[in-house]
Structure formats: structure tokens, C-alpha cells
Amino acid sequence: MTSIPPGSWVNQRRLDLACGLSLLTRLPAGWLAPAASRTSTTPWPLARSVWCWPVIAMLIGAVTGCVLALLRMAHVPALAAAALALTCQTILTGGLHEDGLADMADGCGGATPDRRLAIMRDSRVGSYGVMALGLGLLVRVSALAALPLQVCILVCATTACLARMAMVLVPILIPPARPDGLARALSALPVWSFLAAVLLASGVTLGLPWGGRSVGLVFQFPLLSALLPAVVSCATALLVAMCAKRLLGGYTGDVLGCCAVVAECLLLCLYAALLCP
């Protein structure tokens, strides 16, 4: 049996997947990386891995949707089922994006960009952060509870995919706010990785209305139902980027996490509005 060369296309994609999985979830990802990369001191290619973020996010969303659907089928009240499904998602992701939302909200209390960045690096959570977390959880739980049972998995997977797609757009729109950290590693996204992420997310979004037909749900306006979520995702990225540029001078890892949660809230509300009778 011939071994795969360390620099081969297959090994590069394996390393990308390991990098994306270790960033977006708390699942062990070392087994995915080539053997040489596990022991190497060279940083993993975070910027190159953005192509797989929508794919990993879609799997996270599918797990969330499965938990929600199974609990609803077991006659668990809709709100409780939604809360438990979101709890599973938070455990799976380690609350990474929620941490970014809380830090971003706390940072808004600073008077200058430097002070805001310092607040965001503080591990303590302030009153603004607590309120942002509470509101974010409330909106998502309420929207999840309103979804029709037969599309829970499809909608959760699509929403998670588009929310992480919004994260990828932010580094394209504004520069990093700091010379180090996660943001700096994403400051020069490879064009092919970015375009692959956009195409993958677009394919998932466009496929949802037609996927709904396979489970007996017909969208009244399938093309609009496919395009509108993509517009909301892009608009969220633009809005968060504009706020981050004005308040911080650029983006940080916390800004990206905040963008993902805000996009999830808006997209789940949109799908609930489109699908509820």
C-alpha cells in the first residue's frame, strides 16, 4: 500500500478540515491531520481552512436539528426541546461564538477603541455581555420552537452554514484590529478558499426550498426563500463589520463570533416567519 505524500492535495485538505473542526467545535481533530502536522511546530493554516467552515457548520446545525426533531417527536414541549437542542449545540461548539458576542457587547461600553479592545480581552463578563447572551439565547430558542417539525434539520443546518459564511465575509470587508491573534491569521484569505466557502454556502441555501419538498413542505416562493437568507447573511456581515470598524478600528475573533450569533438569530427568525402558517 503506497503512502500519501505529506504535501499532497489530500493531506492539505485533511489539515484544513482538522483546523476548521478544532476552531468551530470542541471535538478532537488531531486524528484528521496528517502525521507530520501533528508533531510540527508550524501553525495550522487557519486562513486556508475557511472553505470547510460552511461544511462543518452544516454538520453542527444538523446535529442541533436532529436533537430538536427527536425531542419534539417524543412530545417534549417545543420551548423546552429548543432550549435542550441549543444546549447541545453550545456544548458541541464550546460556546465559542457566544463568548465573542458577550465580549463584543461588553466592549461597547468603552470610550475609545483601545479601551474597548482591552475590555474585550478581559475574561470577566459584564452586564452588557450578560444581556446580549440572554437576548441571543431567547431569540434563538423562540425561533427554533416555532419551526415546523419536518424541516428542523434542514433549517438548522442551513442557518448554521450561513451564519459561519457571514463570519468569513467580515475579514474581506475590514482589516484586523490587532497585530496578533485569530484575526491576524485571517487577514489574507486565499481567494480559492473564500470562493469555495461562498459556493458551498450558496448551494446549501439554494437547495433548502427544494429539500423541503422531500419532507412534504412546499415553500410558497421557493426562489425568494432561497435568496433572502443569503441576503440577510451578507447584510449581517456588513452591519457587524461597519460597527467593528467604527468602534474598534477593525475585526477580532470576538467580532467574528458575534457576527455568527447575530446572523443565527436573524436567520432563524426569518425561517420561522417564512415557514409558520
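Predicted model: local features only at pLDDT ≥ 70, side-chain atom pairs only at ≥ 80, totals over all residues.

Trainee: Why is Leu 238 called partly exposed?

Mentor: Leu 238, in helix H11, has a relative accessible area of 43%.

Trainee: What makes Leu 238 part of a nonpolar surface patch?

Mentor: Together with Ile 172, Leu 173 and Met 242, Leu 238 makes a patch of about 380 Å². Helix H8 (152–173) and helix H11 (222–248) are the elements that give two or more residues to this patch.

Trainee: Why does Val 198 count as partly exposed?

Mentor: Val 198 lies in helix H10, residues 191–213. Its relative accessibility is 26%; buried would require under 20% and exposed over 50%, therefore Val 198 is partly exposed.

Trainee: How do you know that Arg 116 has no salt bridge?

Mentor: Arg 116 belongs to helix H6, residues 113–121, and is buried. The nearest side chain of opposite charge, Asp 114, is 9.0 Å away, whereas a salt bridge must be within 4 Å.

Trainee: Which backbone oxygen does the side chain of Arg 116 reach?

Mentor: That of Gly 110, at 3.0 Å; a polar contact is a pair within 3.5 Å. Beyond four places in sequence, Arg 116 also touches several residues, among them Cys 108, Arg 246 and Leu 248.

Conventions: Residues numbered from 1 in each chain as written. Heavy atoms only, no water. Helix = DSSP H or I, 4+ residues; strand = E, 2+ residues; numbered from the N terminus. Buried < 20%, exposed > 50% of the residue type's maximum accessible area, 1.4 Å probe, protein only. Lys, Arg positive; Asp, Glu negative; His and termini not counted. Polar contact = N/O pair within 3.5 Å; in protein donor to acceptor, adjacent residues only side chain to side chain. Contact = heavy atoms within 4.5 Å. Patch = residues over 30% accessible without salt bridge, like charges linked within 9 Å, V, L, I, M, F, W, Y side chains within 5 Å. Areas by Shrake-Rupley, 256 points an atom, 1.4 Å probe, with all protein chains shown as cover.
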